[in-house]
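Have a look at the structure first, and then we can go through them together.

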Amino acid sequence: MDPSTSSAITLNINGEKHTLTVDNRTTLLDAMRERLDLTGTKKGCDQGQCGACTVLLDQRRAVSCLQLAVAAEGREITTIEGVADGGRLHPVQQAFLDLDGYQCGYCTPGQICSAVAVIEEHAAGWPSAVTEDVRAEAAPPPLSADEIRERMSGNLCRCGAYVQIVEAVAQAAAAGTEAGEAGNTGESKEQGQAAAAGKEAAA
């Protein structure tokens, strides 16, 4: 490899660091698939239009076929291989299984990575093209079917499983909300118990 047109880089992927030398023109997609055997991320159009190669860069969606590997150094990269929590599936993955949000499965890794980011973006209050009230002080709009379709529109499914995909994203978002509420309730109980213990100790 010509040293004048190549670079030694370290990529942080799914919490693991990988050091390799790549041609400066190598895309992140090709580096992951061809050099690191991370083949869960799929190559579709190779033009950034189908979304099959979607990964998360610092928790934000990116099509890896248009991202140079050298430009991804120092960033936190999450692929479909890193979405699950050990042996426990991510709620989006579980929802895709529960509701058959896939057919051939080729676009599914990109769909899932995109859906993970969509749910986080919505929870953070980011508007979409169909959000009626985009004022900063407005509450996040309900994650309706229209909102999900608009936010997921960069990911194509040639099998046409869009109805199930929308349902899966909605189910995963609801599961995340319920888990968050349960966590907050648990935290409040612990805080209450700690406060009560503190009062008793003071008495």
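Q: Where is Thr-27 found?
A: Thr-27 sits in the loop between β2 and α1. Keep in mind that this is a predicted model.

Q: What makes Thr-27 count as buried or exposed?
A: Its relative accessible area decides. Thr-27 has a value of 14%, and buried means under 20%, so Thr-27 is called buried.

Q: Which residues does Thr-27 touch, leaving aside those up to four places away in sequence?
A: Thr-27 is in contact with Ser-64, Cys-65, Gln-67, Leu-68 and Ala-69.

Q: Which residues of α1 are buried, and what do they pack against?
A: In α1, Leu-28, Leu-29, Ala-31 and Met-32 are buried. The buried residues of this helix pack against the strands β1 (6-13), β3 and β5 (76-78).

Q: Why is Asp-37 called exposed?
A: Its relative accessible area is 63%. Exposed means over 50%, so Asp-37 qualifies.

Q: Why is α2 called oblique to α3?
A: The axes of α2 (residues 91-98) and α3 (residues 108-123) cross at roughly 125° and come within 9 Å. Roughly perpendicular covers 65 to 115 degrees and roughly antiparallel means over 145, so an angle of roughly 125° makes this pair oblique. As for handedness, α2 passes α3 in a right-handed crossing.

Q: Which residues meet where α2 and α3 are in contact?
A: From α2 come Val-92, Gln-93 and Phe-96, which meet Thr-108, Gln-111, Ile-112, Ala-115, Val-116 and Ile-119 of α3. Sorted by class, this contact has six nonpolar residues, three polar ones and no charged ones.

Q: What is the strand order in the sheet, and which strands stand at its edges?
A: The sheet is open and has five strands, in the order β2-β1-β5-β3-β4, with mixed pairing. The edge strands are β2 (16-23) and β4 (60-63): each has a single partner strand, so one side of each is left without a neighbour in the sheet. From one strand to the next, the twist averages 40°.

Q: How do you know that β3 and β4 count as paired?
A: Pairing needs at least two bridges, and four bridges join β3 to β4, which run antiparallel. Thr-54 stands opposite Val-63 in β4, and Leu-56 has Arg-61 as its bridge partner. The two strands form a hairpin with two residues between them, and Asp-58 in the turn has a positive phi of about 50°.

Q: Which helix lies across β3 and β4?
A: That is α3, which runs at about 40° to β3.

Note on methods: Residues numbered from 1 in each chain as written. Predicted model: local features only at pLDDT ≥ 70, side-chain atom pairs only at ≥ 80, totals over all residues. Heavy atoms only, no water. Axes fitted to C-alpha atoms, helices over the stretch in contact; angles between N-to-C directions. Parallel < 35°, antiparallel > 145°, perpendicular 65-115°, else oblique. Left-handed = near helix turned anticlockwise from the far one by under 90°. Contact = heavy atoms within 4.5 Å. Nonpolar A, V, L, I, M, F, W, Y, C, P; charged D, E, K, R; others polar. Buried < 20%, exposed > 50% of the residue type's maximum accessible area, 1.4 Å probe, protein only.
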